[in-house]
Amino acid sequence: MEKMVAYSGNAGPTVRSDCEISLELTDRGGIVTTINSRVLSLYGESIREQCAALLDFFGIRNCVLKVNDSGALPFVIAARTEAAVRQIINTDREFLPSFDRSVFRATARDRFRFARLYVPGNTPAMMINAGLHSADGVILDLEDSVAPSRKDEARILVRNALRQIEFREAERMVRINQGSRGLEDLRFIIPHHVNLVLIPKCEDAGIVRTVDERIRDIQALSETGEVVHLIPIIESARGVEQAFAIATSSENVVALAIGLEDYTADIGVMRSVEGTESFYARTRVVNAAKAAGIQALDSVFSDTGDDEGLAKSVAVSRSLGFEGMGCIHPRQIAAVKDGFAPCEAEIEKAMKIVTAYDEAERKGLGVVALGTKMIDPPVAARALRVIDLAVKLGLIPRDWMKNRKETITN
């Protein structure tokens, strides 16, 4: 037999909640397993039994398996072992961890997506507690944060994470790869209760339609019918010019996002804190999203240590019409969510406008004024959006107008 050793996973002094697997097939001797773990006395036997069950599932009877454990949970060990097996044998079988339906919640197309947290798809330590940070969405990333040589094993880990991790109230998102690799990614995530797929480097409507069709094909085969939302990410000059076509390419597109690191590289400039070099692209994406009736989501702020810069970036983003942005570190989430939520002064002003407009309409007045300023329908509509957002966020009660009138009367 030709000697071949397969490796998957990670090991090292800084690695947590992961394991490194090496697997070598042999022609005799049964399964020989060596486990290196700081918790060997407590969990060594259960790790050994789990690996034996998985190898038996794939029909492997003779091999040398080495497990270098750094506190990996069972779903991680299963993913790493399966990834090593797939390097050695050709198989379409999948060793699926159990799935608890209680961890899955369908999400509305217009739900809040103020702060979306990117989590590298090959780093389990960052996945396990991602739902505790109160992001509106957790993005398990298979694209830029995963090395090309690790993408196959990352998609297995992400599949298992979708089945095992409780992401709480966060929307369950996955950013797939580009092209054919991204279409293959879908086979590992769509049957496993993902809420939303992000499509990177999107340059035309055809890319979105291809992804949408592949999702429907996979759902038909796996007999899953959950709605999967789509967010194309605009990251090039061509994508910016095709923004409206992309935004209207599928009824499952719920937002357009822009990725400024790749966009600025595409047009041959450096990304600046001021963002003047991307002003046209950002406003074009916002306008396309609004025209299509979907959300516009801004890029990430890449300096995780610059709190002041982040606050300014959020303020500018909101002023351009964006309704959220990406986060690359949990510490950014609170600032982003607070920045996109209406403040007390905005809510109070919106209340006054809506109350005055409602009173004028009841009296049949053609002109509405608030102090010395006239209120026209677009201003009232904008105030209503602020009120609606405040109600949905629980900042004011749904019957706020009734309470307000009672307070004035009394």
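**Entry 1**

I started at Arg382, which I found in helix H14, residues 377–392. The model I have open is a predicted one, so I keep that in mind on every page. Is Arg382 buried, partly exposed or exposed? I noted it as partly exposed, because its relative accessibility is 47%. Arg382 is also one of a group: with Lys349, Lys373 and Arg385 it gathers in a patch of positive charge on the surface.

**Entry 1: the overall picture**

Next I stepped back to the whole protein. I counted 15 helices and 14 strands in its secondary structure. The C-alpha trace spans about 90 × 50 × 45 Å along its principal axes. What share of the 410 residues counts as buried? I got 50%.

**Entry 2: salt bridges**

I then went through the charged pairs. How many salt bridges are there? The count comes to 35, and I picked out a few to look at.

I took Arg105 and Glu169 to begin with. Their side chains meet in a salt bridge, at 3.9 Å from N to O. The pair links distant parts of the chain, 64 residues apart: Arg105 sits in the loop between helix H2 (74–88) and strand S5 (115–120), and Glu169 in the loop between helix H4 (151–164) and strand S7 (171–175). I wrote down Arg105 as partly exposed, because it has 32% relative accessibility. Glu169 goes down as exposed, with a relative accessible area of 57%.

Then I looked at Asp185 and Arg155. Here the closest N and O atoms of the salt bridge are 2.9 Å apart. Asp185 lies in helix H5 (residues 179–189) and Arg155 in helix H4, so this bridge ties together parts that are 30 residues apart in sequence. Are these two partners buried or exposed? Asp185 is buried, at 1% relative accessibility. Arg155 is buried as well, at 7%.

Arg238 and Asp204 came next. I read 3.5 Å between the closest N and O atoms of their salt bridge. This pair too links distant parts of the chain, 34 residues apart. Arg238 is in helix H7 (residues 237–241), while Asp204 is in the loop between strand S8 (196–199) and helix H6 (205–222). I have Arg238 as partly exposed at 44% relative accessibility, and Asp204 as partly exposed at 23%.

I also came across a network. Which residues does it hold? Salt bridges that share partners join Asp141, Glu143, Asp144, Arg175, Lys201, Glu235 and Asp262.

Lys201 is found in the loop between S8 and H6. I call Lys201 buried, because its relative accessible area is 18% and the cut-off for buried is under 20%.

Where does His193 lie? I located it in the loop between H5 and S8. His193 has a positive phi of about 70°, although it is not a glycine. At 9% relative accessibility, I put His193 down as buried.

I looked at Gly179, which has its place in helix H5. Gly179 is exposed, with a relative accessible area of 53%.

**Entry 3: cysteines**

How many disulfides does the structure hold? I found 0. A disulfide would need the two sulfur atoms within 2.5 Å. I checked from the other end too, and the closest cysteine sulfur to that of Cys343 is the one in Cys327.

What about their surroundings? I have Cys327 as buried, with a relative accessible area of 0%. Cys343 counts as partly exposed, at 39% relative accessibility.

Methods
Residues numbered from 1 in each chain as written. Predicted model: local features only at pLDDT ≥ 70, side-chain atom pairs only at ≥ 80, totals over all residues. Heavy atoms only, no water. Patch = residues over 30% accessible without salt bridge, like charges linked within 9 Å, V, L, I, M, F, W, Y side chains within 5 Å. Areas by Shrake-Rupley, 256 points an atom, 1.4 Å probe, with all protein chains shown as cover. Salt bridge = Lys/Arg side-chain N within 4 Å of Asp/Glu carboxyl O. Lys, Arg positive; Asp, Glu negative; His and termini not counted. Charge placed at Lys NZ, Arg CZ, Asp CG, Glu CD. Helix = DSSP H or I, 4+ residues; strand = E, 2+ residues; numbered from the N terminus. Buried < 20%, exposed > 50% of the residue type's maximum accessible area, 1.4 Å probe, protein only.
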